[in-house]
Amino acid sequence: MTKSFSDQAECCKGVCKPSSTAMFDNEECSIEFEQLYTSQQEAEQALTFLTEKARKVESEPCEIHSQFETTAEGVVMKAKFTFSCQAETIIFQLSLR
């Protein structure tokens, strides 16, 4: 006899529980970007876009460190965003999708 979905869910009730009570441990509060752009202006626009997204998510000021490197292929924008908690980092990532 085939089990119904609810029967199957009941069978694995205890197996699917997380091992701790917290989903986030605040270990990963930063996200780093590195992207090649064709011009300095394009790289700066990308950083402005990311900064605006971060500011909409932050509960406390997000630390943003960035730099631009000119290469033979274009301009590399490197940026690191550090939020006050891991949940904000995840919300920021989701806002970029």
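User: How is buried defined, and does Phe92 count as buried or exposed?

Analyst: Buried means under 20% relative accessible area, exposed means over 50%, and partly exposed lies in between, with a 1.4 Å probe and protein chains only. This is a predicted model, in which local features need pLDDT of at least 70, side-chain atom pairs count only at pLDDT 80 or more, and totals for chains, interfaces and linings use all residues. Residues are numbered from 1 along each chain as its sequence is written, and side-chain values use heavy atoms, with hydrogens and water left out. At 0% relative accessibility, Phe92 counts as buried.

User: How many aromatic pairs are there?

Analyst: Rings of Phe, Tyr and Trp (its six-membered ring) pair if their centres lie within 6.5 Å, and planes under 30 degrees apart count as stacked, over 60 as edge-to-face and the rest as tilted. By this rule the count comes to four.

User: What kind of aromatic pair do Phe33 and Phe92 form?

Analyst: The ring centres of Phe33 and Phe92 are 6.1 Å apart. With 90 degrees between the planes, the pair is edge-to-face.

User: What is the geometry of the pair between Phe81 and Phe92?

Analyst: The ring centres of Phe81 and Phe92 lie 5.2 Å apart. Their planes meet at 35 degrees, so the pair is tilted.

User: With which residues is Glu60 in contact, leaving aside its neighbours within four places in sequence?

Analyst: Contact means heavy atoms within 4.5 Å. With neighbours within four places in sequence left aside, the contacts of Glu60 are Ser84 and Glu88.
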